[in-house]
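User: I want to learn how to read strand pairing and helix packing in a model. Can we work through one case?

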Amino acid sequence: MIDENILLARGAIYKKINKGGIIFNEGTKCYYYHQLIEGKVNWVNYDHDGRVFIQYIVLPGECFGELPLFDEEPYVATAVAETDTLLLQLPKNTFHELLKERTSIANAFSRLLAQRVRQKFSALKTMASNTPEQQIVELFHLYKKKYPDIIYNETFKIDLTRQQIAEMTGLRVETVIRVIKKLEKKGGLYIDKGKVYLLNNDKNHIDIFG
């Protein structure tokens, strides 16, 4: 999101988090801007039974936990390192000074927040009104849109586990497995060594339900 050199020049520091480590907890106060350099981070909520719901999977180059930087409220989710992780932390006050001085970065953040709100509305609509099949297909296509620079010829790899898909849709793992097998039979995707690949057949993705 922001050039590493700019962050380092402002006093940002690198921080290593081991796999499974907590970067911040839901309900706690925000003190830093976080940007992922290496690894993966899951932004999650837990219900009263300890069940996990993944709100977002953060990849290198992305920021996360940005809402409290702007509204002074606590974190709305917990950030957990899915893998060994390296990130940059910039103090919140310094981050706001940077936005005031660089309007291009401030404008980029405005677009980012708008995009994430739009994606969340789309996800909520899908989960509220659609079948498990539609929920999973919409998740796959949202995932594909996240990588516009990847050349998408015949197939596109969905780099999510069955467990992650379940935690992102609220479905049971058994349901996810059953639906993916059903979608493979319909020809919208295929499975190779446990990995799921979308097929590019130049059709609207809703056709997979036909």
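**Strands, then helices**

Analyst: Strand 10 and strand 11 (residues 195-199) pair in the antiparallel sense over 4 bridges. Pairing requires at least two DSSP bridges between two strands. Strands are DSSP runs (E, at least two residues) and helices are too (H or I, at least four), numbered from the N terminus. This is a predicted model: local features need pLDDT of at least 70, side-chain atom pairs count only at pLDDT 80 or more, and totals for chains, interfaces and linings use all residues. Residues are numbered from 1 along each chain as its sequence is written, and side-chain values use heavy atoms, without hydrogens and water.

User: Which strands stand at the edges of the sheet?

Analyst: Strands of a sheet pair through backbone hydrogen bonds, either parallel or antiparallel. Here an open sheet of 3 strands has the order 9-11-10, with antiparallel pairing. Strand 9 and strand 10 (189-192) are at the edges; each has a single partner strand, so one side of each lacks a neighbour in the sheet.

User: At what angle do helix 5 and helix 6 pack?

Analyst: Two packed helices are described by the angle between their axes and the distance between the axes. Helix 5 (residues 132-145) and helix 6 (residues 162-169) pack at about 105°, axes 11 Å apart. Axes are lines fitted to C-alpha atoms over the stretch in contact, and angles run from 0 to 180 degrees between N-to-C directions. That makes the two helices roughly perpendicular (65 to 115 degrees).

User: Which residues of helix 5 meet helix 6?

Analyst: Gln-135, Ile-136, Leu-139 and Phe-140 meet Ile-165, Met-168 and Thr-169 of helix 6, where contact means heavy atoms within 4.5 Å.

Notes. Parallel < 35°, antiparallel > 145°, perpendicular 65-115°, else oblique.
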